Amino acid sequence: MMHESDKYWEIKPHTSLLDVKLKENYEYRDLLWLLVKRDFISFYKQTILGPVWFFIQPIFTVLIYSLIFGNVAGISTDGLPKPLFYLAGVVTWNYFSDCFIKTSSVFRDNAYIFGKVYFPRLIMPLSIVFSNLVKFGVQLLLFFGMMIFYALKGDYFELTWYVLLFPFLMLLMACLGLGLGMVVSALTTKYRDLAFLVTFGVPLLMYATTVVFPLSAAPERFVNLIKFNPMTPIIETFRKGFLGTGTFSWEMLGYTTLVTVIVLFFGVIIFNKVQKSFVDTV
């Protein structure tokens, strides 16, 4: 005779919230590169200039910053040529913000795929981080070209040993943008307003970093607030390494590293939790 409790079976996933399935993600590496290629091709497929926009966007941004913040407002650039100073901030900020903004809409933008076929969901935000590396690399070449131009003109700046931290800075930017993006993406499955907040909030957040001014020129009462932005030490260290100016301290970089680890940790937890049921809410 069957007991009442024997009539039903309940199947539950046994995966931990911290289980990112690294081996499984590696096995789907071909899909990762296909998604990277898709992002690159689809974005510029119907444009006339194509990847040339990678150059045009930072050039026009730097020209506007040089005019408004450099000439009109007269904000210091620590003795560096204005375009070179601003481009260093723009290139680093663009990579972080692109990773953050595009990752923040992963669930919403790819619900039609997630609902039809299985693959490790983490592949999707990872593909965004890697595809943005193409744009970052192109803009970095523009930055190096401008360094050569001003060096030939005789303007003074210097490479310092802090440039060796550049790979670590790239990792911090990618992980910080990825972590924040996964948190927001998970939350937007229920709270759509967050998508609008990120769209106009992230560009405004740039002015709370040292993209358009050096930390040494920040008003005293706002210095601690600007340091509180984890992107500030990254930008300052980048300028210190490639241009020889900027405010660097191991404490500031350590703070950014700690914040990045915490954000990525909670991003993975929330992302793993939401991915199991998000199709019902998106």
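In which helix is the place of Arg239? Arg239 sits in helix α11, where helices (H or I, at least four residues) and strands (E, at least two) are taken as DSSP runs numbered from the N terminus. The structure is a predicted model, in which local features need pLDDT of at least 70 and side-chain atom pairs count only at pLDDT 80 or more, while totals for chains, interfaces and linings use all residues. Residues are numbered from 1 along each chain as its sequence is written, and side-chain values use heavy atoms, with hydrogens and water left out.

The protein chain contains 12 helices and 0 strands, so that its elements, read from the N terminus, follow the order α-α-α-α-α-α-α-α-α-α-α-α. Of its 282 residues, 48% count as buried, a class that covers residues under 20% relative accessible area, as against exposed at over 50% and partly exposed in between (1.4 Å probe, protein chains only). A contact being defined by heavy atoms within 4.5 Å, 80% of the contacts between residues at least 6 apart in sequence join residues at least 24 apart. The accessible surface of the protein chain comes to about 15,700 Å², with 68% belonging to carbon and sulfur atoms; these areas come from the Shrake-Rupley method with a 1.4 Å probe, and for residues only the protein chains shown count as cover.

Arg239 is buried, with a relative accessible area of 1%. When residues up to four places away in sequence are not counted, Arg239 touches Phe85, Ala88, Gly89, Thr210, Val211, Phe213, Gly244 and Thr245. The C-alpha atom of Arg239 is separated by 8.7 Å from that of Val163, although the two residues are 76 apart along the chain. The side chain of Arg239 also meets that of Glu236 in a salt bridge (3.7 Å, N to O), the term being used for a side-chain nitrogen of Lys or Arg within 4 Å of a carboxyl oxygen of Asp or Glu. Both partners lie in helix α11 (residues 231-243), 3 residues apart, or about one turn of the helix, and Glu236, like Arg239, is buried.

Phe85, one of the residues touched by Arg239, lies in helix α4 and counts as buried at 1% relative accessibility. Beyond its neighbours within four places in sequence, Phe85 is in contact with Thr77, Leu80, Thr210, Val211, Val212, Phe213, Pro214 and Arg239. Phe85 and Thr245 are 160 residues apart in sequence, yet 9.5 Å apart in space, C-alpha to C-alpha. Thr160, found in the loop between α7 and α8 (166-187), is buried with a relative accessible area of 17%. Its contacts, leaving aside neighbours within four places in sequence, are with Lys240, Gly241 and Gly244, and the C-alpha atoms of Thr160 and Leu243, 83 residues apart along the chain, are separated by 7.6 Å.

Asp98 and Lys135 are both buried, and both are among the residues that line the largest cavity, together with Val91, Asn94, Tyr95, Asn132, Phe136 and Gln139. The elements giving two or more residues to this lining are α4 and α7 (123-153). On a 1 Å grid over the protein atoms alone, a cavity is a set of points where a 1.4 Å probe fits but cannot get out, and lining residues have an atom within 4 Å of a point. A search of the whole structure finds 1 cavity of 30 Å³ or more, and the largest cavity holds about 30 Å³ of space, the volume being that filled by probe spheres set on grid points joined across faces, edges and corners.

Phe60 is found in helix α3 and counts as exposed at 53% relative accessibility. Asp78, in the loop between α3 (53-72) and α4 (82-103), is partly exposed, with a relative accessible area of 28%. The phi angle of Asp78 is near 55 degrees, a positive value in a residue other than glycine.

Definitions and conventions. 1 Å grid on protein atoms, 1.4 Å probe; cavity = no way out; pocket = protein on both sides within 12 Å on 5 of 7 lines; lining within 4 Å.
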